[in-house]
Amino acid sequence: MQRRRQSAVVAGVIAAVVFAVLAVALPWHGHSKRKGTGTDPLAGVTLREQAATRDIAIGVGANSQRLLDPRYQQLIGSNFNSITDTNAFKWDVTEPRPGEFNFTAADRVVSVAERYHLRVRGHTLIWHNQNPSWLTQGHWTKAALKAVMKRHIMSVVGRYRGLVAQWDVVNEALTTAKPSGRYVLRSDLWEKVIGPEYVADAFIWAHEADPSAQLFYNDYGAEAPSRRFDAEYRMVARLKAAGVPINGVGLQMHRPVPKAPPYYPTKAQVSTVLRQFADIGVHTEITEMDQPLPLPPQPAQLGLQASLFEQMTAACLSVQLCGGVTIWGADDSDRYPVLIKRDLGAATLFTTSGQPKLAYRGVLAALIKAPGPLAQARGEPQTVP
Ligand code: G3I
């Protein structure tokens with residue numbers, strides 16, 4: 001990501017002062033399409049512009065079907081600088097039959113990303129969910145399943161060599177063992193047939209297919225100091241020490257908005273885990289942040305949601321190796337089955353009609369308020385300009 005230090009400092013300071021005044025003096029009328037509408041000179045300031053000044057990716061989990069709609073593309077392309085598709089790169093979509101690949105949806109994501117100069121996160125290569133039945137119902141020897149896994153990874157990652165900046169190579173591999181409660185590798189197809197080595201294999205093959213891509217382990221529930229974080233940290237540190245090409249960890253950050261404190265995880269807790277990974281050279285991303293609300297959302301809940309979005313974004317901005325924040329949905333119409341089942345929604349930064357919410361203001365506020373010059377904001381050692 002291009003660094004713009006001097007202009008960043010000037011832009012950041014001006015915007016912070018103006019925004020701080022406006023935030024107090026004027027009610028937030030939301031995002032205007034025209035810049036500088038008199039009463040609100042910040043109108044038209046987009047996340048994308050501010051993200052560039054902070055050298056951070058601010059992205060969305062998109063729906064490749066909705067990408068057929070130019071308005072949906074425009075909403076993403078004008079406000080964000082990164083895109084993940086919530087399904088297009090998953091095994092059940094890309095290899096529905098053995099050796100037969102379908103890249104229609106993934107190609108669409110990459111094409112839109114090229115049109116709007118968006119960074120692409122590929123989600124996900126190896127997971128226990130959304131696998132085709134030929135895979136999950138097959139009777140596999142270890143050698144045969146390794147060969148199938150290698151072919152899949154080499155084919156998918158190889159096709160997007162140089163086009164997909166980051167891959168969630170392995171997703172949600174940890175779970176709690178019963179009755180001990182210890183965190184262990186999930187006993188899924190991969191672990192049962194290949195054994196624990198499948199995790200390292202996946203990263204090695206992904207790196208072989210595209211040495212330029214950053215390779216991530218992605219999971220939920222490790223966003224704050226906890227036993228689950230400890231288990232994930234140990235696994236990642238062990239892989240790294242063994243020379244496995246793992247570059248980063250994705251914290252999914254799916255967090256319902258509680259009705260009352262404590263608002264878990266707090267900014268300090270998230271900063272702590274991000275910094276612990278950074279201390280061993282592991283990059284991080286907040287990869288699937290959303291804050292589902294009971295529908296219809298109440299004003300107080302929307303206000304709290306905005307504050308929590310701001311705090312989580314600020315946590316990432318406070319650690320140099322945290323490279324980005326992705327919201328799991330471009331607007332509130334992007335609801336996934338779990339939310340629909342629980343009658344939850346309004347989890348993103350834009351309304352179903354594409355209007356920015358207070359949550360949009362929360363992420364923007366974190367970007368504008370990120371302290372001082374880029375170096376200080378990102379925790380880099382101070383260099384004399
Ligand atoms: O594409 C088929 C369609 O052809 C079919 O008619 C329809 C009805 O069966 O299903 C469609 O597939 C659905 C798919 O989303 C695409 O819309 C699946 O049923 C549905 O299960 C799938 O849900 C996805 C979910 O992962 C699956 O676990 C969500 O969109 C996606 O947002 C969600 O994302 C996950 C991350 O990958 C991992 N972290 C948690 C996150 C939220 O659950």
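## Cis peptide bonds

Pro262 is placed in the loop between strand E8 (248-251) and helix H11 (267-278); helices (H or I, at least four residues) and strands (E, at least two) are DSSP runs, numbered from the N terminus. The peptide bond that joins Pro261 and Pro262 is cis, and its omega is about 0°. A cis bond also leads from Lys178 to Pro179, with omega near -5°. Pro179 belongs to the loop between strand E5 (174-176) and strand E6 (183-185).

## Basis of the description

The model is predicted: local features need pLDDT of at least 70, side-chain atom pairs count only at pLDDT 80 or more, and totals for chains, interfaces and linings use all residues. Residues are numbered from 1 along each chain as its sequence is written, and side-chain values use heavy atoms, with hydrogens and water left out.

## Surroundings of the ligand

The ligand is surrounded by 15 residues, and the closest are Asn87, Lys90, His123, Glu172 and Glu288; a residue is near a molecule if one of its heavy atoms lies within 4 Å of it. This shell divides into four nonpolar, eight polar and three charged residues. In this division, Ala, Val, Leu, Ile, Met, Phe, Trp, Tyr, Cys and Pro count as nonpolar, Asp, Glu, Lys and Arg as charged, and the others, Gly among them, as polar.

An N or O atom in the side chain of Asn87 is 2.9 Å from an oxygen atom of the ligand. For Glu172, an N or O atom of the side chain is 3.0 Å from a ligand nitrogen atom, and a polar side-chain atom of Gln252 lies 3.2 Å from a nitrogen atom of the ligand. Taken alone, the ligand exposes 790 Å², of which the protein buries 48%; accessible areas come from the Shrake-Rupley method with a 1.4 Å probe, and for residues only the protein chains shown count as cover.

## Aromatic pairs

A pair of aromatic rings is described by the distance of the centres and the angle of the planes. The structure holds twelve aromatic pairs. Rings of Phe, Tyr and Trp (its six-membered ring) pair if their centres lie within 6.5 Å; planes under 30 degrees apart count as stacked, over 60 as edge-to-face and the rest as tilted. Trp91 and Trp190 form a stacked pair, with 5.4 Å from centre to centre and 25° between the planes. Trp91 lies in helix H4 (residues 91-94) and Trp190 in helix H8 (residues 189-193), so this pair ties together parts that are 99 residues apart in sequence. Trp91 counts as buried at 1% relative accessibility, and Trp190 counts as buried at 0%; buried means under 20% relative accessible area, exposed over 50%, and partly exposed in between (1.4 Å probe, protein chains only).

Phe103 and Tyr160 form an edge-to-face pair, 5.8 Å centre to centre with 85° between the planes. This pair links distant parts of the chain, 57 residues apart: Phe103 is in the loop between H4 and helix H5 (104-115), and Tyr160 is in the loop between helix H7 (142-159) and strand E4 (166-171). Phe103 is buried at 12% relative accessibility, and Tyr160 is buried at 1%. Ring pairs also join Phe89, Phe101, Phe103, Tyr160 and Trp167 into a cluster.

## Charges over rings

Arg121 lies over the face of Phe216, 5.1 Å from the ring centre. Arg228 lies over the face of Tyr220, at 4.4 Å from the ring centre. A charge sits over a ring if NZ of Lys or CZ of Arg is within 6 Å of the ring centre and within 35 degrees of the ring normal.

## Buried polar residues

Asn79 is part of helix H3 (residues 70-79) and is buried, with 2% relative accessibility. A polar atom of the Asn79 side chain lies 3.0 Å from the backbone oxygen of Leu75. Gln305, in helix H12 (residues 299-317), is buried with a relative accessible area of 0%. The side chains of Gln305 and Lys357 make a polar contact (3.4 Å). Such a contact is a pair of N or O atoms within 3.5 Å; within protein, one must be able to donate a hydrogen and the other to accept it, and residues adjacent in sequence count only if both atoms are side-chain atoms.

## Positive phi angles

Gln130 is not a glycine, yet its phi is positive, at about 55°. Gln130 lies in the loop between strand E3 (119-126) and helix H6 (133-136) and is partly exposed, with a relative accessible area of 22%. Asp343, also a residue other than glycine, has a positive phi near 55°. Asp343 is in the loop between helix H13 (337-341) and strand E12 (344-345) and is partly exposed, at 45% relative accessible area.
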